[in-house]
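Me: Can you walk me through this model? I have the sequence and the coordinates open next to this chat.

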Amino acid sequence: MQNKDYMQMAVQEALKAQGMTWTNPLVGAVLVKDDQVLATGYHHQFGKEHAEVNTLSHLADPKQAQGATLYVTLEPCSHYGKQPPCCKKVAEAGIKKVVIGQVDPHQIVAGKGIKYLKNHGVQTEVIGGTENLNVAYNFFYQQERPFVTLKYAMSIDGKINAAGKRRTMLTGDAAQVDVQKLRLQNQAILIGANTLRIDNPLLTVRIKNLPHPPIRIVLTKDANQLDFTSQLFKARGQIWLLSETKLTQKVGENVCCYTASKWTPAKVVQLLAEHEIQSLLVEGGSNIQAQFVAADLVDEIVAYVAPIVLGGTALPAVFGQALTGISHYQLLDVKSLNQDVRIRVRRKEC
Ligand code: AOF
Ligand code: ZN
């Protein structure tokens, strides 16, 4: 097996924790000696041991690590955080070489792990190719704002709701499951007050029990006007209300209200950045989608297209805000989900 094959194995390890690592990256590792895999491991959960230490813990005898090569999808850390520095553990274990998928963009590490290893006689090689594991994490530390994804389901004629302001189910089960996977990869999900009223969504992840479910955010003019009997308020997890008016009633321990004279997409993104939230999924409605597009704050779009024609005066997916320019995106992929199709596009420079 070649370097990139072992690294792919480490990527598969990392992916086992999807949704579980909260603001920490997904990280996987494989320990190899004489072309034999000695141990594999990954970072299981936010606050828990890192991938390198988890891998070493799977060895029957710690001495086996001496002279071995460690493949790890992210540069080993060099700082004391919730966990001690991995590069120290790696050097102490007698590992000869560390093959790294990508340098850690987080300033607390950013090359310091590699430097430590070199200074302690451990060879290092950065081979690249694991950046897609942590798109939002990388983006956040490079751009200092969360990665924003717009998600909507639309009819083949580009509409999201039938006229009459009622919820219209457009896509089938396979697309619904796919949306769950998308939510799993985001730390916050935002909707407008209209979507809350019309769709009454839960905005939860139901395919996995997450220690930190995505923060559910409602953008509204007046938080006091929201219907607190909506399903959203019944499900577990943090809720943020972004309102122009102070909330005067007590709603629940998990509900926070932030006020601003006018909430713009730029202010929303700034608030999230201040809380170190690295990813945001905007799930509607069309006016909010339009505001994010007009503010040029959309990094990825995931559109589910159903073979339905709504016609007439039904609302388009993105509508209600003047656009200052045309934005160009790059096609990531197209996937069939039974009768529906998912199209993903990403901003060219991401
Ligand atoms: C992880 N898992 O496997 C690796 C990480 O607060 P801590 O101690 O958990 O440190 C989190 C930081 O450690 C993270 O932002 C990243 O820079 C580095 N590496 N983190 O959660 C891992 N290898
Ligand atoms: Zn570490």
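Reply: One definition before we start: a residue is called buried if 20 or more other C-beta atoms lie within 10 Å of its own. Also, this is a predicted model.

Me: Fine. Which residues of H9 are buried?

Reply: In H9 the buried residues are Ser286, Ile288, Gln289, Gln291, Phe292 and Val293.

Me: What comes after H9?

Reply: Asp296 follows H9, and its phi is positive, near 55°.

Me: Is Gly285 buried or exposed?

Reply: Buried, because 26 other C-beta atoms lie within 10 Å.

Me: What is Gly285 in contact with?

Reply: Apart from neighbours within four places in sequence, Gly285 has contacts with Ile160, Gly192, Asn194 and Thr195.

Me: How do S8 and S12 run?

Reply: Parallel, with three bridges joining S8 (residues 188-192) to S12. In that pairing, Ile189 has Leu281 of S12 as its bridge partner.

Me: What about S6 and S13?

Reply: S6 and S13 also pair in the parallel sense, over seven bridges. Met154 is the residue opposite Val305 in S13.

Me: And which way do S13 and S16 run?

Reply: Antiparallel, with six bridges between S13 and strand S16 (residues 340-347). Val305 turns up again here, opposite Val341 in S16.

Me: Why call S13 largely enclosed?

Reply: Because five of the seven residues of S13 (residues 300-306) are buried, the rest of the structure largely encloses this strand.

Me: Switching to annotations. Which residues does UniProt list under "binding site"?

Reply: The unreviewed UniProt entry lists Ala153, Thr195 and Asp199. They span 47 residues in sequence, but no two of their C-alpha atoms are more than 13.2 Å apart, so they gather at one spot.

Me: Take Ala153. Where does it lie, and what does it touch?

Reply: Ala153 is part of strand S6 (residues 147-155). Not counting residues up to four places away in sequence, Ala153 touches Ile160, Leu170, Thr171, Ala175, Tyr304 and Ala306. Ala153 counts as buried because it has 23 C-beta neighbours inside 10 Å.

Me: And Thr195? Which element is it found in?

Reply: Thr195 sits in helix H7 (residues 193-199). With 23 C-beta neighbours inside 10 Å, Thr195 counts as buried too. Outside the four places on either side in sequence, Thr195 touches Pro201, Gly284 and Gly285. That brings us back to the loop between S12 and H9, where Gly285 lies.

Me: Which residues come nearest to ligand 1?

Reply: Asn24, Val27, His43, His50 and Gly81, out of 16 residues around ligand 1. By class, that shell has seven nonpolar, seven polar and two charged residues.

Me: Last one: Asp178. Where is it found?

Reply: Asp178 belongs to helix H6 (residues 173-184). It counts as partly exposed, because it has 18 C-beta neighbours inside 10 Å.

Me: What is Asp178 in contact with?

Reply: Leu337 and Arg342, leaving aside neighbours within four places in sequence. Asp178 and Arg342 are 164 residues apart in sequence, while their C-alpha atoms are 9.1 Å apart in space.

Key: Residues numbered from 1 in each chain as written. Chains lettered and ligands numbered in written order. Predicted model: local features only at pLDDT ≥ 70, side-chain atom pairs only at ≥ 80, totals over all residues. Helix = DSSP H or I, 4+ residues; strand = E, 2+ residues; numbered from the N terminus. Buried ≥ 20, exposed ≤ 12 C-beta atoms within 10 Å, placed from the backbone. Contact = placed C-beta atoms within 7 Å. Near = placed C-beta within 6 Å. Nonpolar A, V, L, I, M, F, W, Y, C, P; charged D, E, K, R; others polar. UniProt positions renumbered as here; feature names shortened; annotations may be inferred. Pairing = 2+ DSSP bridges.
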